[in-house]
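This report is an introduction for a reader who is meeting the structure for the first time. Please keep the sequence and the 3D view at hand while reading.

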Amino acid sequence: MKNSSIIAGQELGGVQFNLDTPLVEGYIAAVDDQSGLYQGTDLVPPTAVAALGVRTLLEGFALPPGAVHVAQELASHRIATRGQQVFCRVRVAQSSQRREGWFLVLEFTVANDQGQPILEGRTTLMVPGKEG
Amino acid sequence: MHEGQVLPELRKSVTQDQISRYARVSGDANPIHLDPKLAARSSFGRIVAHGMLVLAFLSEMLTQAFGQSWLESGRLKVRFRAPVYPGEELVTSGRVTRVVTEEGGERIQCLVECRKVEGREVITGEASVVIADR
């Protein structure tokens, strides 16, 4: 996808994930979380939920390999638990060419199956260089 | 919790194996994290860790400091300042800057950061969490 085709206000919605145990345990092992809070419980780390939001925006907008993660905001609203189905929506908040490259600000919401937000995020990416 | 209180530091090493595992579970298989040849042509010049992997280290520190409250009400606002390369060692740290009484509890505000062991900032930002009255 060309950067210039990503326009503020664009939305992607309803991407569904299942927070199944292999996914959550794989995540906890990959980030080497030693907090102990997730052992013997069905709790899911908020950054695991956030990773799904980031995955949705990366896949949804087919961002180029050189995209650089510049900033991130996260806000948790409720606990996510293993086995839950969650739904991710992404919205382009800003899309602009600057001297250093193309800046994208993408907002995502991960919600439960009742539509209640679990976590919201705001991701700033920079794609170096100028487009064609 | 009180203003000035220091959060317990975490020390983490980042390996290529860990980056590859994170790519699999997160679905972020950007070649700058996995392919040395393609990464060599990127602005970083070599493979870099996912920002969200490093951010998970900060979240682990906040989980250790605030427990389940972090999962219920945590907020994080950070900037990624420098790339992290495989083989590097990182230290996360934080400090309480403000404690605000709200209805139902106290909101704890913190400055947080992640640095390379030699001192270079990797992530800097702010976090907050509500500790509910029990």
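## The nonpolar core

A nonpolar core is here a set of buried Ala, Val, Leu, Ile, Met, Phe, Trp, Tyr and Cys residues that are joined through C-beta atoms within 7 Å. In this model, which is predicted rather than determined by experiment, the largest such core has 67 residues, and those with the most contacts inside it are V49(A) and V54(B). Helix α3 of chain B, covering residues 51-66, gives the most to this core, contributing eleven residues.

When residues up to four places away in sequence are left out, V54(B) touches A49(B), V84(B), L90(B), C114(B), V122(B) and I123(B). As a general background, nonpolar side chains in soluble globular proteins tend to be buried together.

## Chain B as a whole

Chain B contains four helices and five strands, and from the N terminus on its elements follow the order β-α-α-α-α-β-β-β-β. Its C-alpha trace spans about 55 × 30 × 20 Å along the principal axes.

Of the 134 residues in chain B, 40% are buried. Among the contacts in chain B with a separation of 6 or more, 65% are between residues 24 or more positions apart.

## Strand pairing within and between chains

Strand β2 of chain A (residues 68-76) runs antiparallel to strand β5 of chain A (residues 117-128), and eight bridges join the two; within this pairing, H69(A) has L125(A) as its bridge partner.

Strand β2(A) is also joined by five bridges to strand β2 of chain B (residues 75-80), again in an antiparallel arrangement, and here the bridge partner of E73(A) is K77(B).

Terms used: Residues numbered from 1 in each chain as written. Chains lettered and ligands numbered in written order. Predicted model: local features only at pLDDT ≥ 70, side-chain atom pairs only at ≥ 80, totals over all residues. Buried ≥ 20, exposed ≤ 12 C-beta atoms within 10 Å, placed from the backbone. Contact = placed C-beta atoms within 7 Å. Pairing = 2+ DSSP bridges.
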